[in-house]
Amino acid sequence: MYKTFFEAIIYGILSVILGLILSLILVPLKPDLPDSCKDWDKYYIMEISLFLVGFFLRYTIEIPIINNYFT
């Protein structure tokens, strides 16, 4: 159980890193936003959501039905 938990944390961290790298690569495609949008990432919502996606992805892979589908 602890192994899966730590693997899920690693997946979450890697998701954040990969998401940040991709966002830096895709900066030229970013549209100009109004000033009211500048505070959207004030609380690191993107990073938290990327972490949770990676974390829950790792845990869902451990569900036997889903695991059998991928193997």
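Biologist: Is the crossing of helix 1 and helix 2 left-handed or right-handed?

Modeller: A word on the source: this is a predicted model, in which local features need pLDDT of at least 70, side-chain atom pairs count only at pLDDT 80 or more, and totals for chains, interfaces and linings use all residues. Residues are numbered from 1 along each chain as its sequence is written, and side-chain values use heavy atoms, with hydrogens and water left out. Helices are DSSP runs of H or I with at least four residues, numbered from the N terminus, and a crossing is left-handed if the near helix is turned anticlockwise from the far one by less than a right angle, right-handed if clockwise. For helix 1 and helix 2, the crossing is right-handed.

Biologist: Thanks! At roughly what angle do the axes of helix 1 and helix 2 cross?

Modeller: Axes here are lines fitted to C-alpha atoms, for helices over the stretch in contact, with angles from 0 to 180 degrees between N-to-C directions. Those of helix 1 (residues 2-25) and helix 2 (residues 45-61) come within 7 Å and cross at roughly 140°. Angles under 35 degrees count as roughly parallel, over 145 as roughly antiparallel, 65 to 115 as roughly perpendicular and the rest as oblique. Helix 1 is therefore oblique to helix 2, given a crossing angle of roughly 140°.

Biologist: Which residues of helix 1 are buried?

Modeller: Buried means under 20% relative accessible area, exposed over 50%, and partly exposed in between, with a 1.4 Å probe and protein chains only. The buried residues of helix 1 pack against helix 2, where contact means heavy atoms within 4.5 Å. An α-helix has 3.6 residues a turn, so residues three or four places apart point the same way. The buried residues in helix 1 are Thr4, Ala8, Gly12, Val16 and Gly19.

Biologist: Let's pick one: which residues does threonine 4 touch, not counting residues up to four places away in sequence?

Modeller: Threonine 4 sits in helix 1. Its relative accessible area is 14%, so threonine 4 is buried. With residues up to four places away in sequence left out, threonine 4 touches Arg58, Tyr59 and Glu62.

Biologist: And how far apart in space are phenylalanine 5 and phenylalanine 55, C-alpha to C-alpha?

Modeller: Phenylalanine 5 also belongs to helix 1, and at 34% relative accessibility it counts as partly exposed. Beyond residues up to four places away in sequence, phenylalanine 5 touches Phe55 and Tyr59. Phenylalanine 5 and phenylalanine 55 are 50 residues apart in sequence, and their C-alpha to C-alpha separation in space is 8.5 Å.

Biologist: Last one: where is valine 27, and is valine 27 buried or partly exposed?

Modeller: Valine 27 lies in the loop between helix 1 and helix 2. With a relative accessible area of 46%, valine 27 is partly exposed.

Key. Helices (H or I, at least four residues) and strands (E, at least two) are DSSP runs, numbered from the N terminus.
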